[in-house]
Amino acid sequence: MQLRFALMDHSLIPEPLLKEPHPLLQKISEFTTNPSQPINPSFQLSSELQSYLSGRSLLVDELPFSIHTLHEHYMNGYILYEQGVNKGQCHRCGNNKPHLFATFHCSRCHTGCTYCRNCIMMGRVSECTPLIRWNGPEPDSPPGTFDWTGTLSEAQKAASEQMISAVKANNDLLVWAVCGAGKTEVLFEGIDEALRQNKRVCIAAPRTDVILELSPRLKKVFPQTKVTTLYGGSEERHSYGQLVLSTTHQLYRYKEAFDVMIIDEVDAFPYSYDSSLQGAVEKARKPQSSIIYLTATPDQKTQQECARGKRNFIGIPARFHRHPIPLPKFVWCDLWKKSLKKNRIPLALKKWVSIRLQQSKQALIFFPTVDLMEKALPLFQDMHPLIESVHAEDPKRKEKVMKMRQGEIPILLTTTILERGVTIPNIDVAVLGAEEKIFTESALVQIAGRVGRSADYPTGDIVYFHYGRTREMIKALLHIDQMNKEAEKRGLLHGH
């Protein structure tokens, strides 16, 4: 909802609440100061509004409360009216790129009104849209129980202790842990420490799949803590959580909310490429807070900072089950695109798939594009009718991943959407066209990391089918080999 305001007795009064027409109604963005009111301790605040708005910055349209209720809380100091867009800056997502703004004739403020296109999918923020913020105390959250009886490996234990120290001291920490190291378990004791200090914790990840996988695990470990899971369209987005699991996009709605921010998959798209998402993380943390970054594949710059001692980091080079990470094999696959065009599966890949089907061994096959994968799907279904494919926009994505987990799909063709965050115990993995640009070192390391994750099945086959080796393929192989050597050197592998 767009609103105009009048300034009366050092208070902003929304247009719908004015008893009579006011000569000077202005957009929120036109006021040089946004006066706030002193907190009235004897005011009976709405605990529902408090839990809905605490730590967040929302549009009037997103709040299921009347303008009367909101304004009453404003007049008693519990709510702030803040600017949405002004001077070429969006105060929700931080966008300041001129081409990501547009102007329209607004029926509320009756002028040309500029809005932000960068975060339009979360509702329109414009020059006459106030962002509503809570200015009172946070809801009470009594500390819950910590219900986890697992044990940590020595490398996990060291990382867990570093995290506890970072949480206590409001420091930042990077945890560089190989795929399958058990990063989630490393977080438990640090989260428990934060919750016992009545700190509010957020775990953010770029992808919905990762959030959906983490949610049941954390609810089980912290059974009495209010855990909220946020992603586009999630049912829980209106309730207050002491522990919040969120896709990075949902953080646009938060402001100075969290004492501990945990960013999972910090190297993953879109977070690693989008400075406005990185800004959203900064905006969502409190001025005194700690950020814990988690990654299996830090970018070159981060790796160099770690090597030079410029980053507070701890490495976990071994998996929790103490087996090395399977090394990828490179297999020449001739003109594989030509084969697919002629409705043939490239011979080397077809042989590999036949063996998996004979052995009833599940597998993932990664494709560089959706088009190539869709073209290949019927050819694979000729080999086995239950073979399926999945990609980011697939409406049945969740069901297919679930079916794969339950062993109902023998082989799943996929884009890089499943390169991380999904654990299927006993699988082999192939990449078709490993030389394609989308398969960066990071993507190839993550894909290889799908294999051998379970203690019951610590080995497996990972093959990069290619038409020419690339630097990225070689870097991925060396990266995995380096981690295995580091783990061996530190005595973190079986028999060492």
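Start by selecting Ile191: beyond its neighbours within four places in sequence, it is in contact (heavy atoms within 4.5 Å) with Met163, Val201, Ile203, Leu218, Phe222, Leu243 and Ile262. Before moving on, note that this is a predicted model, where local features need pLDDT of at least 70, side-chain atom pairs count only at pLDDT 80 or more, and totals for chains, interfaces and linings use all residues. Residues are numbered from 1 along each chain as its sequence is written, and side-chain values use heavy atoms, leaving out hydrogens and water.

A nonpolar core is a set of buried Ala, Val, Leu, Ile, Met, Phe, Trp, Tyr and Cys residues joined through side-chain atoms within 4.5 Å; buried means under 20% relative accessible area, with a 1.4 Å probe and protein chains only. Helices (H or I, at least four residues) and strands (E, at least two) are DSSP runs, numbered from the N terminus.

Next stop: Arg133, in strand β10 (residues 130-134). Is Arg133 buried or exposed? With 13% relative accessibility, it counts as buried. Show its side chain and that of Glu82: a polar contact of 3.3 Å joins them. Such a contact is a pair of N or O atoms within 3.5 Å; within protein, one must be able to donate a hydrogen and the other to accept it, and residues adjacent in sequence count only if both atoms are side-chain atoms.

Finish at Trp332, in strand β18 (residues 329-332).

Key
Buried means under 20% relative accessible area, exposed over 50%, partly exposed in between (1.4 Å probe, protein chains only).
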